Amino acid sequence: MSDPRREIPSVDALLASPEFEPILKGFPRQFVVRVTRIVIEEIRNSLLVGDKDIDPDGLTYYARTVLIRLGKETMPSLRGVINATGVVLHTNLGRAPLAEVAADAMAAAARGYSNLEYDVELGKRGSRYDHCVKLLRELTGAEDAIVVNNNAAALVLVLNTTAKGKGVAVSRGELVEIGGGFRIPEILERAGAFLVEVGSTNRTRLSDYEDSIKKGEVAAILKVHRSNFRITGFTEDTTLASLADLANEEGIPLLHDLGSGLFITADALALPAEPLASDSLNMGADLVAVSGDKLLGGPQAGIILGNSELINSLRQNPLCRALRVDKVTLAGLEATLQLYRDPGQALESIPTLRMLGNTAESLGKRCEELDAELTGLGIGSSIVESEGRVGGGTYPGVKLPGFALALDGPHGAEALATHLRNGDPPVIARIVDKRVFIDLRTVLPGQENNLVRRVREASNEGFDS
Ligand SMILES: *Cc1c(COP(=O)(O)O)cnc(C)c1O
């Protein structure tokens with residue numbers, strides 16, 4: 001029997017064939033050549049191991065295989081997914097989806113030139129650090145503000161500027177890991193400061209801070225908001241106000257890593273109280289750092305608020321350049337902040353706040369609609385109680401009451417969840433008690449049609465295999 005590999009046409013022959021004509025119209029020639037080579041190599045290898053399923057004769061087979069491969073190669077690495085997990089600030093899924101006006105502002109900034117570092121009135125160089133400052137002052141009462149790449153960068157900048165080569169007092173109960181490699185002790189060290197641990201994990205008193213300041217060369221006190229965990233039981237914490245008094249007496253700054261970045265009172269969202277940056281400043285923090293893409297609901301950014309002298313020294317730190325925010329982010333952040341001038345509008349237009357505010361009743365209604373649609377397609381589902389989460393390392397343990405659609409899938413929940421993920425767009429869902437839960441809290445307006453299509457595809461794919 002002749003070697004079937006000899007039958008494989010050459011790249012030149014394939015590219016000259018009428019079957020490849022439409023492919024060459026749709027993709028650059030060099031790219032098609034490269035992908036065709038890869039495909040041929042793969043076919044050759046499968047024939048070598050005696051794979052009889054493949055059918056290497058017929059040019060349509062090659063054309064089809066190359067086309068599928070071209071589709072895969074041109075698919076963006078970063079693409080949209082449908083978040084059906086009910087976790088609003090899902091860090092792995094990109095945290096906060098932006099308000100329309102913010103997304104528009106970012107697209108506009110991306111497409112054109114801007115006055116990023118240009119003073120239009122004076123016709124000379126301006127500063128990128130001027131943007132958003134007025135709004136931030138207005139919304140938080142801060143004296144001054146600066147925006148950097150993210151909150152981790154904010155912290156590095158703050159610590160490096162205020163305590164390089166010196167100690168920073170932090171309660172042992174606040175030496176937190178936020179996730180994704182962000183640990184307070186390590187950040188502190190990399191920022192060039194050293195850690196002075198204060199108190200114990202569950203109890204830290206003011207006198208503990210006083211003692212550690214007496215002992216070491218403490219240049220700042222850092223209070224870290226325990227965003228993503230809670231300590232309960234026999235606990236004692238030192239209030240920000242008493243720390244502010246101590247910092248004042250010692251003539252050192254009080255730094256507050258607040259993280260979550262809520263810009264609206266928590267009761268407007270029916271959530272437990274969470275300190276606002278303005279509260280922190282009022283209680284005497286000298287610098288407060290928050291994330292832009294957590295509860296604020298804006299783009300990834302780190303916002304530092306506080307004392308204008310200190311903010312000025314942050315601006316002058318050469319590290320600032322390495323941590324700087326880009327124009328697209330500034331445009332999105334400014335548009336998001338604008339919405340907060342009217343809290344009612346913020347609640348309506350900022351997707352994060354809107355999703356957090358979703359009532360169980362409205363989620364139940366959306367579930368009923370989707371359930372009816374799926375039933376019409378012959379897909380069985382049931383409406384179940386489901387708890388959403390705030391996510392993004394905020395509001396640990398807080399459950400957002402609501403409903404979800406539960407699907408069994410023809411071959412079980414794992415298979416269905418896998419099929420849901422592996423399609424376009426991927427649907428990311430949770431498995432609860434061996435069923436796939438579709439939580440509509442985080443499914444954005446306009447995504448329902450795609451969701452139904454994907455659920456149908458995933459359910460059918462299960463049947464075929
Ligand atoms: C989230 C968080 C950070 C990290 O913020 P990023 O914007 O993700 O860099 C730091 N500190 C606290 C307390 C946080 O909650």
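Tutor: Helix 6 and helix 14 cross in a left-handed way; left-handed is when the near helix is turned anticlockwise from the far one by less than a right angle, and right-handed is when it is clockwise. Helices here are DSSP runs of H or I with at least four residues, strands are E runs of at least two, and both are numbered from the N terminus.

Student: Before we go on, what sort of model is this?

Tutor: This is a predicted model, where local features need pLDDT of at least 70, side-chain atom pairs count only at pLDDT 80 or more, and totals for chains, interfaces and linings use all residues. Residues are numbered from 1 along each chain as its sequence is written, and side-chain values use heavy atoms, with hydrogens and water left out.

Student: OK, back to helix 6 and helix 14. At what angle do they pack?

Tutor: Helix 6 (residues 133-140) packs on helix 14 at about 30°, and the axes are 10 Å apart. That makes the two roughly parallel. Angles under 35 degrees count as roughly parallel, over 145 as roughly antiparallel, 65 to 115 as roughly perpendicular, and the rest as oblique. The axes are lines fitted to C-alpha atoms, for helices over the stretch in contact, and angles run from 0 to 180 degrees between N-to-C directions.

Student: Which residues meet there?

Tutor: From helix 6 you have Leu135, Leu136 and Leu139, and they meet Glu334, Leu337 and Gln338 of helix 14. Contact means heavy atoms within 4.5 Å. By class, that's four nonpolar, one polar and one charged. Nonpolar covers Ala, Val, Leu, Ile, Met, Phe, Trp, Tyr, Cys and Pro, charged covers Asp, Glu, Lys and Arg, and the others, Gly among them, are polar.

Student: And how does helix 5 cross helix 14?

Tutor: The axes of helix 5 (residues 100-111) and helix 14 (residues 327-339) come within 8 Å and cross at roughly 150°. So helix 5 is roughly antiparallel to helix 14, and this crossing is right-handed. On the helix 5 side the contact uses Val101, Ala102, Ala105, Met106, Ala109 and Ala110, while helix 14 puts in residues including Val328, Ala331, Gly332 and Ala335. The residues of this contact split into 10 nonpolar, three polar and one charged.

Student: How does strand 15 pair with strand 14 and strand 17?

Tutor: With strand 14 (residues 382-391), strand 15 pairs in the antiparallel sense over nine bridges; isoleucine 383 has leucine 405 as its bridge partner. Glycine 392, in the hairpin of those two strands, takes a positive phi near 60°. Strand 15 and strand 17 also run antiparallel, joined by four bridges, and alanine 406 has phenylalanine 437 as its bridge partner.

Student: Is alanine 84 buried or exposed?

Tutor: Alanine 84, in strand 1, is buried, with a relative accessible area of 0%. Not counting residues up to four places away, alanine 84 touches several others, among them Val427, Phe437, Ile438 and Thr442.

Student: Last one: where does leucine 444 sit?

Tutor: Leucine 444 is in the loop between strand 17 (435-439) and helix 19 (448-464). At 23% relative accessibility, leucine 444 counts as partly exposed. Leaving aside neighbours within four places in sequence, its contacts are Pro97 and Met355.

Technical notes
Buried means under 20% relative accessible area, exposed over 50%, partly exposed in between (1.4 Å probe, protein chains only). Two strands pair if DSSP finds at least two bridges between them.
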